[in-house]
Amino acid sequence: MSTLERTRDWPRAHPLALDAALAAGVLASMVAGSFVDPHGENGAAWGARTPNALSLTLMVLGAAALVFRRRAPMTVLAATGAVSLVELATGDPRAPVAMSAVVALFTVASATDRPTTWRVGLVTMTVLTAVAMLAGPMPWYAQENLGIFAWTGMAAAAGDAVRSRRAFVHAIKERAERAERTREEEARRRVAEERLRIARDLHDVVAHHIALVNVQAGVAAHVMDKRPDQAKEALAHVREASRSALNELRATVGLLRQSGDPEAPTEPAPGLARLDELADTFRNAGLPVEVARCDHGVSLPAAVDLAAYRVIQEALTNVQKHAGPEAKAEVSVVRVGPNVEVTILDNGPGQNDGPEEGGGHGLLGMRERVTALGGSCTAGPRYGGGFRVHAILPVKNRTSARGDSV
């Protein structure tokens, strides 16, 4: 931090010291003013009068109260107003003790709202001016009495102006910060849209190359026995198309990966082969889980296998979070014709999180994942209590079927 910045931030870090310095300046001004006679033969004369002990005491008390003007502005105004009233009623010659009340009124106006400033300012102006006119040794029309009215009015107006400017600057800063956040959110949204567009382009490119691989592999298988040279040429095209697909995939994924993203996983994606391991994880966490499988050891496409695993994982997580401490869960995986049906049941009294209940996005994510593969997913309360999640996943999903038909 530079010397200029430290100097600028020092008053904020030490407000009491700043107020003490202000109080000392006000005290010096009041003492100096008490020696001035504004009605001298040749105008204002220095040293023409001397304040008495009571006036000096009141000036010291008024200045001392200003040290705490930020902590208790109303109390300080009351204290300075009281010593000012005593001086206005008894001082002869009168010392400028009211200067401390003017500073206190300015502080109140700058620290409160406008209605409070109006009320407090009018009361202060009226009381001080009335006492100066009616109880003081001078005639009511003396310039000093009118000066008290003017100075208190200007203090209230100046404090209100400072408060308004401070609020305006704060609003400007807040608007600028909000605009900055909006720009950052807009930038993130544009990045996300661009990443989505790149991902779609990647899908089109990879699908094209995989279609070529599929066609050339079919040609190679067809002519392998009769024309091996043509089969070798087809396999060379397969190798070239697969290399191009890998290069495109590597380049695009590298573009999509951000600087803080984790490295790509080295283990294969989880599937139903790890279902027992998943169930043991929830059992160790205190949720009894029973698993029943009747899928005849069918080999599922990677996307379908992963979707089934994620559906079970999300459903069991919801059971553990929402079904209550006494809940039990049952998981079944059954092969029914061309589909694999995954069912998760629980008997808990709690409610799972669903879009219909305004909860989290777990069930919505399940449905989107299953629907993308051409399946269906339903979730809802069971008759008699508990919750049921049922997903139907095609063994041959739409993506693989489309690739085979190309």
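Tutor: In UniProt, an unreviewed entry puts a "coiled-coil region" at residues 169-196. Keep in mind that this is a predicted model. Its average pLDDT is 78, with 79% of the residues scoring at least 70.

Helix 5 covers residues 98-111, and its axis comes within 9 Å of the axis of helix 2 (residues 15-34), the two crossing at roughly 145°. The crossing of helix 2 past helix 5 is right-handed. On the helix 2 side you'll find L22, V26, S29 and M30, and they meet M99, S100 and V103 of helix 5. Sort that contact by class and you get five nonpolar residues, two polar ones and no charged ones.

The unreviewed UniProt entry lists "transmembrane region" at residues 16-36, 48-68 and 120-140. Of these, take residues 16-36: the span is 90% helix and 5% strand in the model, with its end C-alpha atoms 31 Å apart.

Back at helix 5, look at its other partner here, helix 4 (residues 73-90). The axes of helix 4 and helix 5 come within 8 Å and cross at roughly 160°, so the pair counts as roughly antiparallel. This time the crossing is left-handed. Helix 4 brings P73, M74, V76, L77, T80, G81, V83 and S84 to the contact, while helix 5 supplies A98, S100, A101, A104, L105, T107 and V108. That works out as ten nonpolar, five polar and no charged residues. Notice S100 of helix 5: it turns up in the contact with helix 2 and in the contact with helix 4.

For another pair, move along to helix 9 (residues 275-284) and helix 10 (residues 302-322), whose axes are 11 Å apart at an angle of about 10°. Because of that angle, helix 9 is roughly parallel to helix 10. L275, L278 and F282 of helix 9 make the contact with Y309, I312, Q313, L316, T317 and Q320 of helix 10. Here the classes come to six nonpolar, three polar and no charged residues.

Finally, a word on where to be careful. Over residues 352-360 the pLDDT stays under 50, though the model gives this stretch 21 contacts beyond four places in sequence. Residues 399-406 are also below 50 in pLDDT, and that stretch has seven contacts beyond near neighbours in sequence.

Methods:
Residues numbered from 1 in each chain as written. Predicted model: local features only at pLDDT ≥ 70, side-chain atom pairs only at ≥ 80, totals over all residues. Heavy atoms only, no water. Axes fitted to C-alpha atoms, helices over the stretch in contact; angles between N-to-C directions. Helix = DSSP H or I, 4+ residues; strand = E, 2+ residues; numbered from the N terminus. Left-handed = near helix turned anticlockwise from the far one by under 90°. Contact = heavy atoms within 4.5 Å. Nonpolar A, V, L, I, M, F, W, Y, C, P; charged D, E, K, R; others polar. pLDDT = per-residue confidence, 0-100. UniProt positions renumbered as here; feature names shortened; annotations may be inferred. Parallel < 35°, antiparallel > 145°, perpendicular 65-115°, else oblique.
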